[in-house]
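Here is a quick tour for anyone opening this model for the first time. Have a look at it, then read on.

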Amino acid sequence: MPSHQVLGLFLHLSRSLRFARTAEECHISPAALSRAIQRLEKEIGAALFVRDKRNVELTDAGRRLQTYAGDVLSGWDRLERQLHADELEGELKVFCTVTAAQSFLPEILGRFREANPVVHIRLDTGYMADALSTLQAGMDMAVTGIPDRVPTSIAAQTLFVTPLVFVAPTAPGEISRMVEQRTVSWADVPLVVPPFGVIRDTVDKWFRESGEHPVIYSEVPSHEAILSLVAMGCGVGVVPRVVLEGSPLRDQLREMRSRRPMGDLRAAACVLKRRLREPLIAALWDALRSPA
């Protein structure tokens with residue numbers, strides 16, 4: 001037990017003069033308290049308490065140590081405050097997708113937490129399309145796919161870039177037959193895509209520029225739900241490659257080759273620019289920019 005903790009126990013006991021009370025309020029067993037006091041008396045070379053079956057009283061040495069212990073512990077508290085005066089504390093609220101939470105984000109936030117152990121991190125997961133709106137609702141940072149032009153009120157720091165890919169089921173069936181043709185007839189292939197957001201905008205642009213008019217089987221905001229529907233043979237989906245590679249359904253899915261790339265998804269950490277002056281946000285931003 002550190003010496004300042006032993007002095008703390010002694011100081012409490014010197015005021016309560018009740019071993020049972022000090023043990024209870026200091027969350028220590030009576031036996032451990034007695035041993036700590038005995039070690040302290042041995043180090044000092046003098047008895048600190050006079051004890052009998054009913055009473056506990058301070059000796060002269062105990063009264064002298066009482067004053068000394070109070071000064072030492074006050075100095076210890078001042079030292080701790082000075083040493084940790086610049087230590088960040090508070091809560092950091094982060095919004096991300098399930099994929100981000102299970103793949104690259106633990107390493108990034110882990111580095112920040114290691115440097116700022118007192119900061120409490122709250123992680124909320126949800127749909128990518130909702131991410132930027134959570135910043136206005138009180139989130140400190142949102143990790144999401146972003147468009148080429150980010151709103152002027154938002155600062156974005158790219159974390160990685162991953163291709164968007166067409167995904168088809170591996171099992172034989174109607175969908176597999178359609179996509180194995182030399183030329184895929186998108187007017188016949190059911191498509192599973194997000195209802196809105198960066199990925200949906202990219203999908204619509206790809207088909208518009210291709211002169212194709214796909215059939216939308218389902219619009220779902222969750223990457224995981226898209227892959228589930230594809231694995232069931234409901235259609236062809238579009239997801240970031242990193243989502244496909246990390247999916248538990250990976251063995252039931254395959255990446256389709258298309259005559260031209262769909263495009264890339266840029267995943268970034270986003271914060272409101274006006275909050276970059278806040279110490280907690282600024283420290284997080286610096287940590288994101290620092291190499292691993």
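How many nonpolar, polar and charged residues are in the lining of the largest pocket? There are six nonpolar, two polar and eight charged ones. For these classes, Ala, Val, Leu, Ile, Met, Phe, Trp, Tyr, Cys and Pro count as nonpolar, Asp, Glu, Lys and Arg as charged, and the others, Gly among them, as polar.

A word on the source: this is a predicted model, where local features need pLDDT of at least 70 and side-chain atom pairs count only at pLDDT 80 or more, while totals for chains, interfaces and linings use all residues. Residues are numbered from 1 along each chain as its sequence is written, and side-chain values use heavy atoms, with hydrogens and water left out.

**The largest pocket**

- The largest pocket holds about 340 Å³ of space. A pocket here is an open set of points on a 1 Å grid over the protein atoms alone, with protein on both sides within 12 Å along at least five of seven lines, and lining residues have an atom within 4 Å of a point.
- It is lined by 16 residues, and the closest to its centre are Asp148, Val198, Thr202, Lys205 and Asp264.
- Helix α9 (198-210) and strand β11 (264-272) each supply at least two lining residues, and α9 gives the most, with seven. Helices (H or I, at least four residues) and strands (E, at least two) are DSSP runs, numbered from the N terminus.

**The largest cavity**

- There is one cavity of 30 Å³ or more, a cavity being a set of grid points where a 1.4 Å probe fits but cannot get out.
- The largest cavity has about 130 Å³ of space, and a volume is the space filled by probe spheres set on the points, which are joined across faces, edges and corners.
- Of its 17 lining residues, the closest to the centre are Thr97, Phe104, Met128, Phe160 and Ala267.
- Strand β5 gives the largest share of this lining, three residues.
- The lining of the largest cavity has ten nonpolar residues, seven polar and no charged.

**Aromatic pairs**

- Nine aromatic pairs turn up, counting rings of Phe, Tyr and Trp (its six-membered ring) whose centres lie within 6.5 Å; planes under 30 degrees apart are stacked, over 60 edge-to-face and the rest tilted.
- Take Phe104 and Phe160: their ring centres are 4.7 Å apart and their planes sit at 75°, so this pair is edge-to-face.
- Those two come from distant parts of the chain, 56 residues apart, with Phe104 in the loop between α5 (98-102) and α6 (105-115) and Phe160 in strand β6 (residues 154-169).
- Phe104 is buried, at 18% relative accessibility, while Phe160 is partly exposed at 22%. Buried means under 20% relative accessible area, exposed over 50%, and partly exposed in between (1.4 Å probe, protein chains only).
- Ring pairs also link Phe166, Trp186, Trp206 and Phe207 into a cluster.
- Both Trp206 and Phe207 are buried.

**Around Asp140**

- You'll find Asp140 in the loop between α7 (131-136) and β5 (141-146), and at 4% relative accessibility it counts as buried.
- The side chains of Asp140 and Arg275 make a polar contact of 2.7 Å. That term covers N or O atoms within 3.5 Å; within protein, one must be able to donate a hydrogen and the other to accept it, and residues adjacent in sequence count only if both atoms are side-chain atoms.
- A polar atom of the Asp140 side chain also lies 2.6 Å from the backbone nitrogen of Lys93.
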